[in-house]
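Reader: I am new to this structure. Please take one part and look at it closely, then show me what surrounds it.

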Amino acid sequence: MAFLKVSSPHATRRGDTGGVMRQVMLACIPGLAALTWFFGPGSILNVLAASAFALLFECGILLLRKRPVGFYLRDCSALVTALLLGMALPPYCPWWVVAVGMFFAIVIAKHLYGGMGYNPFNPAMVGYVVLLISFPVEMTQWATPTPALADGQNTVGITAALAHIWANAPLDGWSGATPLDAFKQTSGLMVDQVYAANPIFSTADFAGAGWEWVNIGFLLGGLYLLARRIFTWHAPVAMLATLTLMSVIFYDGGSSSSGGSPLFHLFSGATMLGAFFIVTDPVTSAVSNKGRLIYGAGVGLLVYLIRVWGNYPDAMAFAVLLMNFAAPFIDYYTLPRTYGHEKSRRATEKSE
């Protein structure tokens, strides 16, 4: 065997960015399947529309930048951004909402900073926050999960969904509050009262009808990515551990002002999607393992603080963007010394 004299970093197997992105898309299937099972085809329609707009904007901006379109499309990063944003949006979003979100994600958050690998902020979360601030009505009309629908009522069909998406036809009776919304809107009541007043808790689910299964789906996908060594465990484990610790410390067991139990925080909203598919973004998070622990813990802390005492029920996007700001600062103090750095410093001091 020949000894290869090459410098780091070293890869233990063959792979490229496109292969990693395809693995991420594959890992999203269980969570997307659970969203479709409990909320109807709206999330799939969101993803399809987001993917079409993502490819359109990606091709357009690459042509303007005079870059090879085929080469950059093969890395599948635009499709991953579309998938993450499409799943994060409420089902059956109007097409123009999806288009605006993808424009800010691809053109502003990604290519304005130089493209893949140069963006300081997670593109999907930038698009989501822009939409949440700009169109709060459209962004808070979540579909009612199947177990919470009235007797004899089914989820939205394809025809009605397309009519709503493209022509803004009403979907009366199918929209409602999410479990996190329910706790935010009824702060001060007892947990039992919140559960009794909202049909999304009528089936005795600990995180709201359907939501725990959605989060379990993303958890399974995240574990698959961990097994494939697509990312390390540091950031997601630190985030989930910090969120759990905060919810244990402040959970009073009775009132809704604490935002629910630790299990509720872990398996409602975008917790597992954020932990395994957003926080682990290698471009916008910290670089070293120590830095990833700090970065993930910061996201978990901010998620709890904003959920319980802030104005937005699910704070994942805001928490991630705030920690994107802090990632370079974390890297500055956590990156290990380069080989020979300490020895060179001592030699310089001795010579002086």
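**A helix pair and a pocket**

Author: Start with helix H3 (residues 42-64) and helix H5 (residues 77-88), which pack at about 145 degrees with their axes 8 Å apart. Helices are DSSP runs (H or I, at least four residues), numbered from the N terminus. Axes are fitted to C-alpha atoms over the stretch in contact, and angles run from 0 to 180 degrees between N-to-C directions. The model is predicted: local features need pLDDT of at least 70, side-chain atom pairs need 80 or more, and totals for chains, interfaces and linings use all residues. Numbering runs from 1 along each chain as written, and side-chain values use heavy atoms, without hydrogens or water.

Now the contact itself (heavy atoms within 4.5 Å). H3 brings Ser43, Asn46, Val47, Ala50, Ser51, Ala54, Leu55 and Glu58. Across from them, H5 brings Ser77, Ala78, Leu79, Ala82, Leu83, Gly86 and Met87. By class, this contact holds nine nonpolar, five polar and one charged residues.

H5 also takes part in a pocket. It gives two or more residues to the lining of the second largest pocket. So do helix H7 (123-134), helix H8 (136-139), helix H10 (179-185), helix H12 (211-227), helix H15 (271-278) and helix H17 (316-334). H12 gives the most, with four residues. The lining divides into 21 nonpolar, five polar and two charged residues. The space in the second largest pocket is about 480 Å³.

Helix H13 (residues 234-250) and helix H16 (residues 289-309) pack at about 35 degrees, with axes 7 Å apart. Their contact has 14 nonpolar, six polar and two charged residues.

Last, confidence. The mean pLDDT (the predictor's confidence in each residue, from 0 to 100) is 82, and 75% of residues reach 70 or more. Helix H6 (residues 95-108) is highest, at a mean of 95. Helix H18 (residues 341-351) is lowest, at 52. Over residues 4-12 pLDDT stays under 50, and the model has zero contacts there beyond four places in sequence.

How values were computed: Nonpolar A, V, L, I, M, F, W, Y, C, P; charged D, E, K, R; others polar. 1 Å grid on protein atoms, 1.4 Å probe; cavity = no way out; pocket = protein on both sides within 12 Å on 5 of 7 lines; lining within 4 Å. Points joined across faces, edges and corners; volume = space filled by probe spheres on them.
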